Amino acid sequence: MEERSYVGFEKPPRKPCCRQGTRIILLGMATVSMGAVLLTLLILWHWDMEKNLKQLEGFARQNVSRVSKDLERHKSDQMAQKSQAAKMLESIEHIRAEQKSMQSQEGELSQNLDGLGADLDNLKATSLNEKREASESLWRLQEEVAKLWMELKIANGSACNICPEQWIHFQKKCYHFGRSRPKKWIQAKHACSDLQGQLVSIHSSEEQDFLSRHASEKGSWIGLQDLDREGEFVWPDGSPVDYSNWRPGEPNDQGLGENCVMLLGTSGQWNDASCRHPLDGWVCERLATC
Ligand code: MMA
Ligand code: CA
Ligand code: CA
């Protein structure tokens with residue numbers, strides 16, 4: 001073949017590498033090797049994927065078992081809580097029942113307490129009365145003993161006419177005519193016991209005359225009273241009412257009641273008067289000593 005000559009920059013056409021058959025083979029081989037590479041890559045990718053998937057499956061299994069365990073635990077916790085709640089409800093019911101029974105017991109107790117309080121009040125009143133009666137009996141006994149002692153002394157020749165200062169002797173007794181601030185009957189009684197005496201009791205006209213001569217002209221309290229039972233007059237020493245000197249028309253228990261007896265100022269006669277009425281005078285007595 002005749003060769004063309006090229007001038008200047010014109011590139012000469014490339015010489016074909018080889019024959020067409022060889023080229024096809026080469027191309028086929030290249031394609032096959034590319035395919036093999038691709039297949040290898042694909043297998044590798046698949047293998048890697050499979051590995052990852054297996055790992056993921058393992059993780060998932062682990063998670064599922066953990067979650068199911070948690071669920072089981074949660075369920076059992078829930079059951080325990082439910083049974084606890086039931087027990088608590090039971091306890092609350094029990095407490096309510098106890099509260100009710102305690103309330104009823106409290107009612108009973110307060111009733112009993114009221115009853116006991118009333119019993120105690122009664123007991124106090126009774127014991128106070130008994131104490132008063134006992135001390136009065138003791139006082140009477142002491143006086144009896146003193147009287148007997150005095151009679152014995154007199155029989156042995158003693159005078160037995162000794163009285164403290166501001167007391168006046170008459171027969172076997174000493175008398176004190178109180179006259180300071182006006183006193184109610186009970187205050188006069190206390191004034192006499194402060195002087196180791198008591199409000200006077202009168203047993204004869206001689207004694208009455210003596211008292212009438214010395215007593216206050218404005219009236220004086222004496223020991224006679226019907227405080228416990230209306231109309232039943234008693235002397236402080238428990239001696240019998242064997243003598244009386246009532247003004248005509250007395251005792252009349254006037255107004256709201258008159259339970260304490262006084263000597264009227266001018267005559268010395270007796271009048272029942274209100275115990276709360278303050279009187280200028282009062283008469284105390286005590287035994288004379290030997
Ligand atoms: C007063 C009082 C009474 C008494 C009468 C007598 C008005 O009341 O001293 O105790 O009986 O007088 O009239
Ligand atoms: Ca009376
Ligand atoms: Ca009267």
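This is a predicted model: local features need pLDDT of at least 70, side-chain atom pairs count only at pLDDT 80 or more; totals for chains, interfaces and linings use all residues.
Reader: Why is L38 called exposed?

Author: The relative accessible area of L38 is 56%, and the label exposed applies over 50%, so L38 is exposed. The residue lies in helix 1, which covers residues 20–155.

Reader: What makes the nonpolar surface patch that includes L38?

Author: The patch, of about 540 Å², is made by V37, L38, L41, L44 and W47.

Reader: Why is A146 called partly exposed?

Author: A146 has a relative accessibility of 30%; because buried means under 20% and exposed means over 50%, with partly exposed in between, A146 counts as partly exposed. A146 is also placed in helix 1, and between A146 and L41 there are 105 residues in sequence and 146 Å in space, taken from C-alpha to C-alpha.

Reader: Which pocket does A146 line, and what else is known of that pocket?

Author: A146 is among the residues that line the second largest pocket, together with others including W139, W149, R286 and C290. About 270 Å³ of space lies in this pocket, and helix 1 gives the largest share of its lining, six residues, while helix 1 and strand 7 (281–287) each supply at least two. By class, the lining divides into seven nonpolar, three polar and two charged residues.

Reader: How much space lies in the largest pocket, and which residues are closest to its centre?

Author: The largest pocket holds about 870 Å³ of space, and of the 31 residues that line it, R132, E136, K189, Q225 and P236 are the closest to its centre. Two or more residues of the lining come from each of helix 1, helix 2 (185–194), strand 3 (198–199) and strand 4 (220–225), with helix 1 giving the largest share, seven residues. The lining has nine nonpolar, 10 polar and 12 charged residues.

Reader: How do you know that E136 forms a salt bridge with R140?

Author: The closest N and O atoms of E136 and R140 are 3.7 Å apart, and a salt bridge calls for a distance within 4 Å, so the pair qualifies as a salt bridge. Both residues lie in helix 1, four residues apart, about one turn of the helix. E136, at 33% relative accessibility, counts as partly exposed, and R140, at 30%, counts as partly exposed too.

Reader: Why is it said that the pair of E207 and K173 ties together parts of the chain?

Author: The closest N and O atoms of E207 and K173 are 2.9 Å apart, and the two form a salt bridge. E207 lies in helix 3 (residues 205–214) and K173 in strand 2 (residues 173–178), so the pair ties together parts that are 34 residues apart in sequence. Both E207 and K173 are buried, and K173, E207 and E285 are linked in a network of salt bridges. The structure holds nine salt bridges.

Definitions and conventions:
Residues are numbered from 1 along each chain as its sequence is written. Chains are lettered from A and ligands numbered from 1 in the order in which they are written. Side-chain values use heavy atoms; hydrogens and water are left out. Patches are made of residues with over 30% relative accessible area and no salt bridge: like charges are joined within 9 Å, nonpolar side chains (Val, Leu, Ile, Met, Phe, Trp, Tyr) within 5 Å. Accessible areas come from the Shrake-Rupley method with a 1.4 Å probe; for residues, only the protein chains shown count as cover. A salt bridge is a side-chain nitrogen of Lys or Arg within 4 Å of a carboxyl oxygen of Asp or Glu. Buried means under 20% relative accessible area, exposed over 50%, partly exposed in between (1.4 Å probe, protein chains only). On a 1 Å grid over the protein atoms alone, a cavity is a set of points where a 1.4 Å probe fits but cannot get out, and a pocket is an open set with protein on both sides within 12 Å along at least five of seven lines; lining residues have an atom within 4 Å of a point. Grid points are joined across faces, edges and corners, and a volume is the space filled by probe spheres set on the points. Ala, Val, Leu, Ile, Met, Phe, Trp, Tyr, Cys and Pro count as nonpolar, Asp, Glu, Lys and Arg as charged, and the others, Gly among them, as polar.
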